Amino acid sequence: MAKMWAGRTSGDIDNIADDFNSSIRFDSRMYREDITGSMAHAAMLGAKNIITPAEADTLIDGLQGILDDLSSGALQIDPTSEDIHMFVEQKLTERLGDVGKKLHTARSRNDQVALDLRMYLRGQIEEISGLVRELLTALADKAEAHKTTIMPGYTHLQRAQPITFGHHLMAYAMMLLRDLDRLADCNDRMDSCPIGCCALAGTTYNTDRKFEAKQLGFSKIALNSLDGVSDRDFCLELLSALSILMMHLSRFSEELILWSSWEFKFVEISDSYTTGSSIMPQKKNPDMVELVRGKTGRVYGDLMAMLTMLKGIPLAYNKDMQEDKEAIFDACDTVKMCLSVFAPMISTMTVRTGNMRRAAQEGFINATDLADYLVRKGMPFRTAYKISGQIVSKCITEGYVLETLPLADYKSFSEEFAADVYKAIDLQTCVKKRISAGGPSQKSVESQITYVRSKLK
């Protein structure tokens, strides 16, 4: 079939080269955006009398018919078409004749694809943001249920100080709130309409770019036509935001993998989100979170592919830029898939509170509180620190934890110790006394949950 751009060349392209050049297999997902953008363009052409109002109405009706037929399945996208833009225009011309050929007046595929991609990605940001909110809701609900559940906090993967499981979950909630902010920032900077920039240098027709922008929900237009068609910063920014989001999910996944192991047994992931072994009947594998961890590298790869593709191309449009779509589409699809699994997995996860508390006790994570006890008695912190370390060493040697070491042994290190030391180093007390803003006390965790819920409104 002769190409619609035939003229300077014959339009007869080698079959292998034609397939290599084609993007219909992945850009066809933008058919709604392409047709919606074309309807706004036809309306503008008619309003400015570049074509007659009657012709504009005919084009809009024809485009609506194609959209309806694609949506219902009455019309199938032709996989041999070069891209979605050519497919729609070709179908329109088949149905309307010469009037259909007027649609492409005062635009190029360069600004057309830039418009379609921005419109499509705005929708993707909305979907992804909605899934992040679902995960935040699941975290807030689970944190509410475990705002007093003692667990060890870690540094260097070593038990460090007592916190609550609710406090730990809220740390991830804060990360996800920042992810929402980044997605919103991406959306703001995507709010610039490139249609009317044409191939690179605008047009000689008296167009109204602001009319089209408003019709399509943009608040402003691209102010430089070269930049309008060659800008893919919005793709890079979204890929960067998605990479950071996936990094957060991957860190969480790593902890869930550790926590669900027999060595920790802090949580048990629902059977709905685990698999078994083909040979070892006792196994319950956290495959879903492992896949999230693995797919993080895939999204990073999409970002690096886009950065590398763009780094050396001169202004304005180059065919290299066709590579933008597969990377950004893959990243969006991957992130949505991971988030869709993550929220219900958190909601259905069983928390082993007894194991968490035992790990907290056996890890001597109240040793700092023991030192603070002596400091409040007037002892310099460094002296108190050394004595506390010596007491921990004795407990390890003799099989005690701080809560079970006899008072006589405490007094052998310092006469400052009294019976009230046991209350001071009780794990619940240790957490309750951490009254600084953002800490693990029940009041603080409740405040964090309230903040997250308020942001979700």
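Axes are lines fitted to C-alpha atoms, for helices over the stretch in contact, and angles between them run from 0 to 180 degrees between N-to-C directions. In this predicted model, helix H3 (residues 31-47) packs with helix H4 (residues 53-72) at an angle of about 170°, and the two axes are 8 Å apart. Angles over 145 degrees count as roughly antiparallel, so H3 is roughly antiparallel to H4. On the H3 side, the contact is made by Tyr31, Arg32, Ile35, Ser38, Met39, Ala42, Ala43 and Gly46. H4 contributes Pro53, Ala56, Leu59, Ile60, Leu63, Gln64, Ile66, Leu67, Leu70 and Ser71. By residue class, the contact of H3 with H4 comprises 13 nonpolar, 4 polar and 1 charged.

Helix H5 (residues 84-96) consists of 13 residues. From its first C-alpha to its last, H5 reaches 18 Å, close to the 18 Å expected at 1.5 Å a residue. Buried positions in H5 are Ile84, His85, Met86, Phe87, Val88, Glu89, Gln90, Leu92 and Thr93. These buried residues pack against H3 and H4, the pair described above, and also against helix H2 (24-27) and helix H6 (109-145). Both ends of H5 show a local feature. At the start of H5, the backbone nitrogen of histidine 85 has a side-chain oxygen of aspartate 83 within 3.1 Å. Just after H5, a positive phi of about 75° is found at glycine 97.

A further position considered is threonine 274, in the loop between strand E3 (267-268) and helix H11 (287-310). Residues under 20% relative accessible area are classed as buried. Threonine 274 therefore counts as buried, since its relative accessibility is 13%. When its neighbours within four places in sequence are left aside, threonine 274 is in contact with Ile269, Lys284, Asn285 and Pro286. Glutamine 322 lies 48 residues from threonine 274 in sequence, and the C-alpha to C-alpha separation of this pair in space is 38 Å.

How values were computed. Residues numbered from 1 in each chain as written. Predicted model: local features only at pLDDT ≥ 70, side-chain atom pairs only at ≥ 80, totals over all residues. Heavy atoms only, no water. Helix = DSSP H or I, 4+ residues; strand = E, 2+ residues; numbered from the N terminus. Parallel < 35°, antiparallel > 145°, perpendicular 65-115°, else oblique. Contact = heavy atoms within 4.5 Å. Nonpolar A, V, L, I, M, F, W, Y, C, P; charged D, E, K, R; others polar. Expected span 1.5 Å × (residues − 1). Buried < 20%, exposed > 50% of the residue type's maximum accessible area, 1.4 Å probe, protein only. Polar contact = N/O pair within 3.5 Å; in protein donor to acceptor, adjacent residues only side chain to side chain.
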